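Hi,

Here is the structure I promised to pass on.

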Amino acid sequence: MIRLSDIDLTLPSTAGPVHILKGIDLAVAEGTSLSIVGPSGSGKSSLLAVMGGIERPSAGRVEIDGTELSALDEDGLARFRRDHLGILFQAFHLIPTMTAAENVALPLELAGRRNASPAAARLLEEVGLGHRARHYPGQLSGGEQQRVALARALANEPPVIIADEPTGNLDSDTGHDIIDLLFGVQRDRGATLVLVTHDPALAERCQAVRRMVDGRLEAPAATRPLAVG
Amino acid sequence: MRNLKIAWIVARREMRGGMRGLAVFLACLAIGVAAIAAVGSVQGAIDAALRRDAAVLLGGDAAIENANRPLPAAELAGLLPQGARLSEAVRTNVMVASAAAEPDGGRHVVAALKAVDGAYPLFGAVELAPAMRLQDALENGGAVAEQALLTRLGVAVGDRLQLGEREIELRAVLVREPDVMAGRLEIAPRLIVAQDALAASAVLQPGALAHHLYRIALPDGTDPAAWVEALHEGNPESSWRARSRAEVQPRIARLTDRLATFLSLAGLTSLLVGGLGVGLAVRGYVESRIATIATLKSLGAGSRQVLAIYLVQILLLAAVGIAAGLVAGALLPFAIDGLLAGLLPIRLDHALYPGPLLLAAGAGFLTAFVFALWPLSIAREISPAALFRDEVAPERRLPRPSALAAIGGGLALLALLAVLGVPQKVIGMWFVGAAVAASLLLALLARLVIGLLHRLGRHGPLPIRLAAGNLRRPGSSAASVLVALGAGLAVLTMVGLLQGVLERELEQGLPDRAPSVVFIDIQPDQWQRFGALVEETEGAQIAQSAPLLRARVVRIAGVPVDEAAVAEHVRWTVRRDRGLTYAAATPPDTELVAGRWWPEDYAGEPLVSVEEEVARGYGVGVGDTLAFNLLGRVIEARIASIRREIDWSRGRLGFVFILSPGVIDKAPHTMIAAVEAAPGVELPLTEAVARALPNVTPISIGEVVARLGEAIGTIGLAVRIVAAVTLATGALVLAGAVNVSRQRQLYQTVLLKVLGARRADLLRLFLAEYASLGAGAALLGLVIGGIGAWLVVWLVLDLDWHLAPLPAIAVAAGALLVTLASGALATWRLLRAPAGLLLRRP
């Protein structure tokens, strides 16, 4: 369960403070999927960052699975992300000096898991990249990189996955493959998924769609039954 | 522990991507560490050689030295233990001339004579060319001499020399003699004869300045130090002093330690300046890793883990730089062995000396840690939000208090190393104080200069305005560059200005006021003849003369001198015998600060007038007593007056102790006379004196000054080399700064090109930026180096301040050259970047 109440986010800039999120209230039920759509600069990614404990809101509460994020310090947030959140970025953000397997193993290692390497190998098999385990990000295509990133996001079996334009840097076919994979694991594991996208078709595959304009969430449309992909 | 393991795993993978841009980091550490390691290794080799050859250098396990007269045989026999071997020698300065020259004799030259017995040398060996045994060379009026004496006299091996009343035959060239205590300023070339030859020459008149040496090989099992101590305890008021071989190393070390301390600290300075380069390089490195750090954080890495991951990388890389520095520093002494052999009287055994290497490595690691921790502590705070947006305003934050405490702790350890790691701790402490003051001053002035340049440039033409803006934009490394270059330039300025002051003091100060030649060992019955000789020589006159005796202070205010508290800076007055004089009337230029001068016809108990600084160092005043051993007789004299400090720089004969007449004027003594001679008169005068009074020895002030100048020049060169190393490190820091700002400059260059700027415009922009940096650094260097030099001249050297403009101009020009050259190099690469680059940027 993700619950955001009265979230405000103001960031400093050289031209003065910028008011990015304005009074956001949002609840996402456990095991459901939600997409956030809206024009550029409307604050979608910032909302995702607040949800992931990456950005601290200027006001309001963020609660995930019963944990109040504002009560955590920086390192507490890092631990929380490690154990509860899988994050997928538009630009993949794989670490270029590490192989695919090492990138996937990283969250496990950060969590001090013993069997990081075999677990990473299994995850790569799961996303269909078992044969690319020893390749570096620079040797992989965009789609492959995002699959590695997905495997990495799933490594700690997080109950919540957040994805920021996961197909934004990919062609549509490759994007489809990734999305199928994403929804597949979300369903199989019963995880909660929040994704930000420009793509209406992708948004429609989520159980709920919320539109953001100028830092505010518009009223919710009716919740629909699970779309079958 | 787990954190460290993860840090190690991640760091290892991170480093696969190469650590580009960290060459400056490596070089900064390697140079500083190499400098410290090299100085320490040479010092280690000297120390080891001194310990190994202590007996050889001293000439025995122990040595007794008596001034002016030989020890009576009975007294000597009572001192030596059963089974000891003894070698006797006399050291004095003499005049020699070629005996083969025209009837009235050839040119006379001063030689440092050593007359030895058949047992010499007890330890070590004399090296002669052609190779032969010394005793064979010396028998039947033979002599050996340094090549310099042969050259000055224009003679060769086989020629005969006139020594006083005797002719001696030069049988070989003296290549190396074993018993040479380093550090004494030898003005005359060495000459060795047998003792009977010296006796026959009759140059050694009563009271003449001579040292009688008794070198002793102690029986096995005798501890030389303990034996000497017992000897002194049993004879507290003797005229002689004994030394054991255990004192050789500390004695010479007093001289070498000071130089080693200065050079080590100069090495540390260059390491600290390099620290700024380390900090810049680390900052550049972590800036290139922002995305990785943010990703690590988004995956759940805590900021402590992030810090550990990068600290591990930096320290690993530091280990590489330090190892390179250690190898270079340890090998350098081997490489410059030829140079060192020419400067030192002993053969060095170069080896690996772990102590100095450990010290250098420790200083290197601490520097890397302290200077890297600041940027790393800021990097650990990079938010994972960086992945979602460009940092809105990457405001520069201070590291956390814990990191600040760690940096402070590291600096404190470095300070501790600077004090404990050098031979002379007091200088180390001064260095720490000076370094802190200089750093604060540099940082403050750097900010002021940047502010000033910014203000000046704000209203100029476009390139100047842009350059001024670059100096003060957020994240600018101008302050680091100014501090680093400024520190190097300050050291160079200080050395240059100090050398200027010293050289002026030597070259201009002395000859104006000082006599040109001092004659010693004039017998009282020769005084009239000597006076006449000077009078007969046109352009020469006696400026000052005094009777001279050698005596040793044996009691201070009733306390035996070995037990008395004598301040370190006047300890030289009690270490061995000193020259003293007596006078009825107040000598000219005398200023009393306490007490009164005795009446001219005074004939009561012995009185003494003491120089102010020495009296203070002894802790005595008017009314206290000092006891002197004067040629075997102990005389207790009451202090009647204290005189103002002797101004040695005035070139007058100065005596620490002046006794009242009446008691000691009957003791055998000689006269000393300072003679002012017009140019060209010195040589004929010394020749005339040498022929008429062969036992009288002249000391040419010009020659002393020349030797002093050479010594200052040699030390100045060593210091200048180290200062240049510091400046080179400063230039490296500049290179590091260029590296860090490369992306920014590239972006700016391309952007300006897109907007229509020509290459000439860009060149002007960058040249303005680098020239203002150079000018700022020169200003800092001149101001701080000038203050430093002035303080040293004022507080330490106590000389008149003199601003030598040449070093200052050279420093300013050097600074501009270095910055403009680096700037031109960086700009050249930037100008070639095509405008399209910007468009391809993500």
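Where the two chains meet, 29 residues of chain A are in contact with 26 residues of chain B. Keep in mind that this is a predicted model. On the chain A side, the elements giving two or more residues to the part that touches chain B are helix H1 (44–51), helix H2 (74–84) and helix H3 (100–110). H2(A) supplies the largest share of that side, with 6 residues. If you sort the chain A side by class, you get 14 nonpolar, 6 polar and 9 charged residues.

Chain A also has an open sheet of 4 strands, in the order E2-E1-E4-E5, with antiparallel pairing. At the edges sit strand E2 (18–28) and strand E5 (67–68) of chain A, each of which pairs on one side only. As a reminder, strands of a sheet pair through backbone hydrogen bonds, either parallel or antiparallel. Strand E1 (residues 2–11) of chain A pairs with strand E4 (residues 59–64) of chain A over 5 bridges, in the antiparallel sense.

Now for chain B. Its secondary structure comes to 26 helices and 21 strands, and 48% of its 842 residues are buried. Taken along the principal axes, the C-alpha atoms of chain B fill a box of roughly 100 × 60 × 60 Å. Of the contacts in chain B with a separation of 6 or more, 87% are between residues 24 or more positions apart.

Cheers

Note on methods
Residues are numbered from 1 along each chain as its sequence is written. Chains are lettered from A and ligands numbered from 1 in the order in which they are written. This is a predicted model: local features need pLDDT of at least 70, side-chain atom pairs count only at pLDDT 80 or more; totals for chains, interfaces and linings use all residues. Two residues are in contact if their C-beta atoms, placed from the backbone, lie within 7 Å. Ala, Val, Leu, Ile, Met, Phe, Trp, Tyr, Cys and Pro count as nonpolar, Asp, Glu, Lys and Arg as charged, and the others, Gly among them, as polar. A residue is buried if 20 or more other C-beta atoms lie within 10 Å of its own, exposed if 12 or fewer, and partly exposed in between; C-beta atoms are placed from the backbone. Two strands pair if DSSP finds at least two bridges between them.
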